Amino acid sequence: MKFRQARHTNQLKPIIDFYTKIIGLENLGEFENHNGYDGVFIGPADTFNSKTGWHLEFTVSWEQPLHRPDEDDLLVFYPTTDKEFQEIVKRISIANIKPIPPKNIYWKRNGITILDPDGYGVVIVNPNAF
């Protein structure tokens, strides 16, 4: 089974930059004026065409999103190596993105939490935590 999380945004360029340049995912494809939407697919390149792949889709249109993320609305990423984790942490620091205290203490003990451009929480889990 494939999985896609789709979310509407009014900040497509900052979202693309955040998930590709900071988190380290790939821009897998874009579309324009598809039934009034422009959008992008972002995820790990090696799973996009597999039968069990996943990716994020972000769209923009004439309609403004009505986001109301709370502290428990999170995307959680599990780097597989300490090197990958440290590279993400370094990019977060270089971009001057400040970690936030997560509501759930589990995430504080096991990784770092930041906000994406839409205000949704993103947790980067330290692979050494397990």
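Modeller: Helices (H or I, at least four residues) and strands (E, at least two) are DSSP runs, numbered from the N terminus. This is a predicted model, in which local features need pLDDT of at least 70 and side-chain atom pairs count only at pLDDT 80 or more, while totals for chains, interfaces and linings use all residues. Residues are numbered from 1 along each chain as its sequence is written, and side-chain values use heavy atoms, with hydrogens and water left out.

Colleague: How many salt bridges does the structure hold?

Modeller: A salt bridge is a side-chain nitrogen of Lys or Arg within 4 Å of a carboxyl oxygen of Asp or Glu. The structure holds seven of these. One of them joins the side chains of Lys13 and Asp17, at 2.9 Å from N to O.

Colleague: Where do Lys13 and Asp17 lie?

Modeller: Both belong to helix α1, residues 12-22. Lys13 and Asp17 are four residues apart there, so about one helical turn separates them.

Colleague: Which residue forms a salt bridge with Asp17 at 3.6 Å?

Modeller: That is Lys21, with 3.6 Å between the closest N and O atoms. Lys21 and Asp17 are also in helix α1, and because they are four residues apart, the separation is about one helical turn.

Colleague: Are Lys13 and Lys21 buried or exposed?

Modeller: Buried means under 20% relative accessible area, exposed over 50%, and partly exposed in between (1.4 Å probe, protein chains only). Lys13 has 53% and is exposed. Lys21 is exposed as well, at 53%. Asp17 has 22%, so it counts as partly exposed.

Colleague: Which residues of α1 are buried?

Modeller: They are Leu12, Ile15, Ile16, Phe18, Tyr19, Thr20 and Ile22. After α1 comes Gly24, which has a positive phi, near 95°.

Colleague: Which residue forms a salt bridge with Asp72?

Modeller: Lys103 does, and the closest N and O atoms of the two are 3.1 Å apart. This pair links distant parts of the chain, 31 residues apart. Asp72 sits in the loop between β4 (54-60) and β5 (74-77), and Lys103 in the loop between α2 (82-94) and α3 (105-110). Asp72 is partly exposed at 45% relative accessibility, whereas Lys103 is exposed at 53%.

Colleague: Which residues are linked in a network of salt bridges?

Modeller: The network links Arg7, Asp116 and Asp118.
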